[in-house]
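I opened this notebook to record what I looked up about charged side-chain pairs and the strands around them. The entries follow the order in which I worked.

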Amino acid sequence: MITAENILLVGSILIFSSILISKTGYRFGIPTLLLFLLVGMLFGSDGLGIQFNSAQDAQFVGMIALSIILFTGGMGTRFSDIKPVLKQGILLSTVGVILTTLLTGLFIFYLSGYTPANIELTLMASLLLAATMSSTDSASVFNLLRSQRMNLKENLRPMLELESGSNDPMAYMLTIVLIQVISSGSSLDLAVIGKDLGIQFLIGGALGYVAGKFAVWLINRINLSNASLYPILLLSIVFITFTLTDILKGNGYLAVYIAGVVTGNARLAFRKETSTFMDGLTWLFQIIMFLTLGLLVNPHEMLDVIGPALLIATFMILIARPVSVFACLLPFKQVSHKARLFISWVGLRGAVPIIFATYPVIAEIPGSQQLFNIVFFITLLSLIVQGMTISRVARWLHLDLPEEKTGNEFGVELPEEIDSQLRDLTLTDEHLLHGNRLADMNIPKGTLVMLVKRGDQFLIPNGQMELHKGDKLLFIIESKATPESSPTLPKA
């Protein structure tokens, strides 16, 4: 029976199972989001029998989840990192999406009309199918790059995150426009499409920037009784930004991503609390979104589309995506061929294509269920083939770098309002040559030892404290201070 208690119980079991399974899968290099999707399929109609067939509900869950994911991804994107690759990222997220749609759409139409493949789609329907899959999935890319802490040469990580965070709006707009063309029976007017795309980008970009500036201004000035309310206030601004942009015929996904970038690159009160809240919420909604999409599909229906789906996936991975990437990056001679190959390989499909594939189903486009099953199968294949091999391909192309150290071993962070930096240092024999007391060390002006960690103990230092080899020192350094280079201190 469907009751509130049963829904809460089943939902909790699904989330609980997903997290436990993802812990095991992570050890074998399996993307956690793929496992969430598989758990949904396991509990669905062809598995343990949970009946869920509402594309509207899945689309609603996806809309909420993507708003949060894109905003959080934007907050974690440093403008100083993306500035050198801004042009490349914008080209990949716009022209790249269009080229991928055209190449893949023409290939699908060729399969439909000129081969014995089990697929029958018109040119417009072929382009629609291609458009739903034309963007790299922001949830998958952010999750893989950040959870695996991948550090890449040639500014590849910020370029990939910028592309995946900003190309969903283009794919969304192409999907909606093609649905309108098919539903109305009108011809494809490139001038009208170009105008619609321009308006959506302009409104989405402008409102996203304004919303980000407003969020920073409000949070830095408002005085709330509880620090936990600040991230909740920010979340409400995210949803207002998305819905208001959509009402004004702009692109809400672009707006929330830009709002996230603006917010994340400004001084923000209670940043730590806000980041922790948004990261947790992002994980929760990623799990809910992938579970919902896994429940929505009927796996036995995908058996009929395995043949054409395999051909389309192979074409996208090996031809459409690489051609689009190489064409977009043609003017940028500084981007190596190895980097272009790696970018081509990180053309991950994930939740976004599946969510976009629900739009034709809701609009009752002829053949939309077959289209949905093809998109779902290709997404599974992409997460398995590409998602499980990204780090391996990076090493094979010699584009990986040692993982950068973030934070400090003391787990101490400073509020942004304090204009200082924290550094830690492990003492060696060289550091203790001139004495083993803190007073014997050449500590520059503007630098203070806050804590000493000895084994599992944390000690509050003073000048007469005896130090031992292996002790870890936590320094606080004024940002304006320029301590001399010495064996006792890291460079500020």
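**Entry 1. The search.** I noted at the outset that I was working with a predicted model. I reminded myself that side chains of opposite charge can pair when their charged atoms come close. I then searched the whole structure, and the search returned four salt bridges. I looked up three of them, as recorded in the next entries.

Entry 2. I found a salt bridge between glutamate 161 and arginine 157, whose closest N and O atoms are 3.3 Å apart. Both residues belong to helix 8, which covers residues 156–166. They are four residues apart, about one turn of the helix. Arginine 157, at 25% relative accessibility, counts as partly exposed.

**Entry 3. A pair between two helices.** I next looked up glutamate 163, whose side chain meets that of arginine 321 in a salt bridge of 2.7 Å, N to O. Glutamate 163 lies in helix 8, whereas arginine 321 lies in helix 14 (residues 306–328), so this pair ties together parts that are 158 residues apart in sequence. I recorded both glutamate 163 and arginine 321 as buried.

**Entry 4. A pair between a loop and a strand.** Aspartate 471 forms a salt bridge with arginine 454, and I noted 2.8 Å between the closest N and O atoms. Aspartate 471 sits in the loop between strand 3 (457–459) and strand 4 (472–478), while arginine 454 is in strand 2 (residues 447–454). The two residues are 17 apart, and the pair links distant parts of the chain. Aspartate 471 counts as buried at 2% relative accessibility, but arginine 454 is partly exposed at 22%.

**Entry 5. Strand 4 and its partners.** I turned to strand 4 and asked which strands pair with it. Strand 1 (residues 420–426) runs antiparallel to strand 4, and seven bridges join them. Within that pairing, glutamine 421 stands opposite isoleucine 477. Strand 2 also pairs with strand 4 in the antiparallel sense, over six bridges. Here I noted lysine 472 of strand 4 as the bridge partner of lysine 453.

**Entry 6. How enclosed strand 4 is.** I asked how many of the seven residues of strand 4 are buried. The count is five, and strand 4 is therefore largely enclosed by the rest of the structure.

Technical notes. Residues numbered from 1 in each chain as written. Predicted model: local features only at pLDDT ≥ 70, side-chain atom pairs only at ≥ 80, totals over all residues. Heavy atoms only, no water. Buried < 20%, exposed > 50% of the residue type's maximum accessible area, 1.4 Å probe, protein only. Pairing = 2+ DSSP bridges.
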